[in-house]
Amino acid sequence: MDAGSDLISPEMSRRRAAASRPPLQEAGSRPYMPSLCSTPRNPAVKCYGDRFIPCRSAMDMDLAHYLLTEPRKDKKNAATPSPAKEAYRRLLAEKLLNNRTRILAFRNKPPQSESILTELRADAASIQARPAKKRRYIPQSAERTLDAPDLVDDYYLNLLDWGSNNVLSIALGSTIYLWDAANGSTSELVTIDQDNGPVTSVSWAPDGRHIAVGLNSSTVQLWDSSSNRLLRTLQGVHESRVGSLAWNGNILTSGGMDGKIVNNDVRIRNHAVQTYRGHGQEVCGLKWSGSGQQLASGGNDNLLHIWDVSMASSVQSAGRTQWLHRLEDHLAAVKALAWCPFQSNLLASGGGGSDRCIKFWNTHTGACLNSVDTGSQVCALLWNKNDRELLSSHGFTQNQLTLWKYPSMDKMAELTGHTSRVLFMAQSPDGCTVASAAGDETLRFWNVFATPDAPKAAVKTSHTGMFNSYNHIR
């Protein structure tokens, strides 16, 4: 069990509303050398112990240099040196030997070592002068802060989402507000009555126009944000509040305090088409994979389940659905879930206050790839869509957002500013900005992720040949 308020008092919401704060306002090794023969072939040459003094008059240095530098002509399948190696050999001979053919020639003075070192330093400086990839600047403070009065401080709810139309939705008590990121305008979508409210979850449909609203009364409502019109109400599926929602095309998946997970096809009258049974307590985290084939669910029973669409049972079936993987490594409630955008079978999960860990899973095999102790409650996780980075939000003691480099899990930045646990995070459609909402009743916007690089234009190559004039296949 993780810390959080499970019951929501309407009196508390009305008491906070009395504050009359307007919502969403600005607030190296040595080479091998063979030993010299200690026994001279010429008896006239004397050998003193291990010291060998050759007779230079008997040496043909030109022949020795030729045999050392020229390639063997009789060697079979000799590899031709690359142009780069040849250029390096010529440069080395020019710098160090001054193009001399004899190494042990004492007619001329040896080259000045200082001039060689100067040239080598100049070459090294030219290499270092090449522009290196700069480390990205990450702002340490929020770009914008908005007031969010009556935001329910409940770990198990999901009250913030950012749609594909660049409109952010947030539930404050029983009212849902929409904030348009394009012009900064705020509008009210709906205020739920006391019998059904307050709002316990919100989730935008993929089209960015329709929004699903989970309520404390166990029902789910579908709204059209363009006309502020209620389209339909999904009832009879759950027995208590609906704290988590996730879309997969036209399928809306809902998770409730009753531990059930239900797939609702919003196009048909009998909307409940499939159910997943495996959690014994409230389902507080739901996320579909990018392919739409796997569903990850986290619950207050400290369990993480991976479900496959092919293994779901009908609602009328009395038997339990068999999960693909049942993962029991977390020691607290599992709410934070995030599928990796660049590796389809990689899932990140975060545990509550008694666990404090971020774990990475191979959802094909069910293996835990890594586990990192963050030191505080993990409330939400978001992957960078444009780079290999992961952002996590936390509770006590620092109430911070932490940016991690994957897979090394080195800390890149810690963003502070919230004075209470950062319960919810949502990512803008372009993937650059992150909105965070906390128990301190503030909504903050962070430019934490880098702007994606502009795609390079494809280079058109002209093909020449005998078939160049045939542009079409007949």
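In the predicted model, R209 and D224 form a salt bridge (a side-chain nitrogen of Lys or Arg within 4 Å of a carboxyl oxygen of Asp or Glu), with the closest N and O atoms 2.8 Å apart. This pair links distant parts of the chain, 15 residues apart: R209 is in the loop between β6 (199–204) and β7 (210–215), and D224 is in strand β8 (residues 220–224). Helices (H or I, at least four residues) and strands (E, at least two) are DSSP runs numbered from the N terminus. R209 has a relative accessibility of 41% and counts as partly exposed, whereas D224, at 2%, counts as buried. Buried here means under 20% relative accessible area and exposed over 50%, with partly exposed in between (1.4 Å probe, protein chains only). Residues are numbered from 1 along each chain as its sequence is written. Because the model is predicted, local features need pLDDT of at least 70 and side-chain atom pairs count only at pLDDT 80 or more, while totals for chains, interfaces and linings use all residues; side-chain values use heavy atoms, with hydrogens and water left out.

By the salt-bridge rule the count comes to nine. One of these salt bridges joins E389 to R136, with the closest N and O atoms 2.5 Å apart. The two residues are 253 residues apart, E389 in strand β23 (residues 389–394) and R136 in the loop between α4 (113–128) and β1 (144–147). E389 is buried at a relative accessible area of 1%, and R136 is partly exposed at 25% relative accessibility. A further salt bridge is formed by R241 and D154, whose closest N and O atoms are 3.2 Å apart. R241 lies in the loop between β9 (229–234) and β10 (242–248) and D154 in the loop between β1 and β2 (160–162), so this pair ties together parts that are 87 residues apart in sequence. Both partners count as buried, R241 at 2% relative accessibility and D154 at 0%. Salt bridges with shared partners join D154, R241 and E282 into one network.

D440, in the loop between β27 (434–438) and β28 (442–446), is buried yet has no salt bridge. The D440 side chain does reach the backbone nitrogen of T419, at 2.9 Å. Not counting residues up to four places away in sequence, D440 touches H418, T419 and S420, contact being defined as heavy atoms within 4.5 Å.

A nonpolar core is a set of buried Ala, Val, Leu, Ile, Met, Phe, Trp, Tyr and Cys residues joined through side-chain atoms within 4.5 Å. The largest such core has 40 residues, and those with the most contacts inside it are L160, L168, I170, I176, V199, L443 and F445. Strand β3 (residues 167–172) gives the most to this core, with five residues. In soluble globular proteins, nonpolar side chains tend to be buried together. Apart from neighbours within four places in sequence, the contacts of L443 include L24, A148, L160, L168 and I170. A148 lies in the loop between β1 and β2 and counts as buried at 0% relative accessibility. With the same exclusion of neighbours within four places, A148 is in contact with I170, L172, E441, T442 and L443. The C-alpha atoms of A148 and L172 are separated by 6.9 Å, although these residues are 24 residues apart along the chain.

Strand β12 (residues 260–265) is mostly covered, with six of its six residues buried. Both faces are covered: K260, V262 and N264 are buried on one side, and I261, N263 and D265 on the other. Strands pair if DSSP finds at least two bridges between them. Strand β11 (residues 251–256) runs antiparallel to β12 and is joined to it by five bridges, with S254 opposite V262. The hairpin of β11 and β12 has three residues between the strands, and G259 takes a positive phi near 85 degrees. β12 also pairs in the antiparallel sense with strand β13 (residues 272–277) over five bridges, V262 standing opposite T275, and a hairpin joins β12 to β13 through six residues.

Methods. Lys, Arg positive; Asp, Glu negative; His and termini not counted. Polar contact = N/O pair within 3.5 Å; in protein donor to acceptor, adjacent residues only side chain to side chain.
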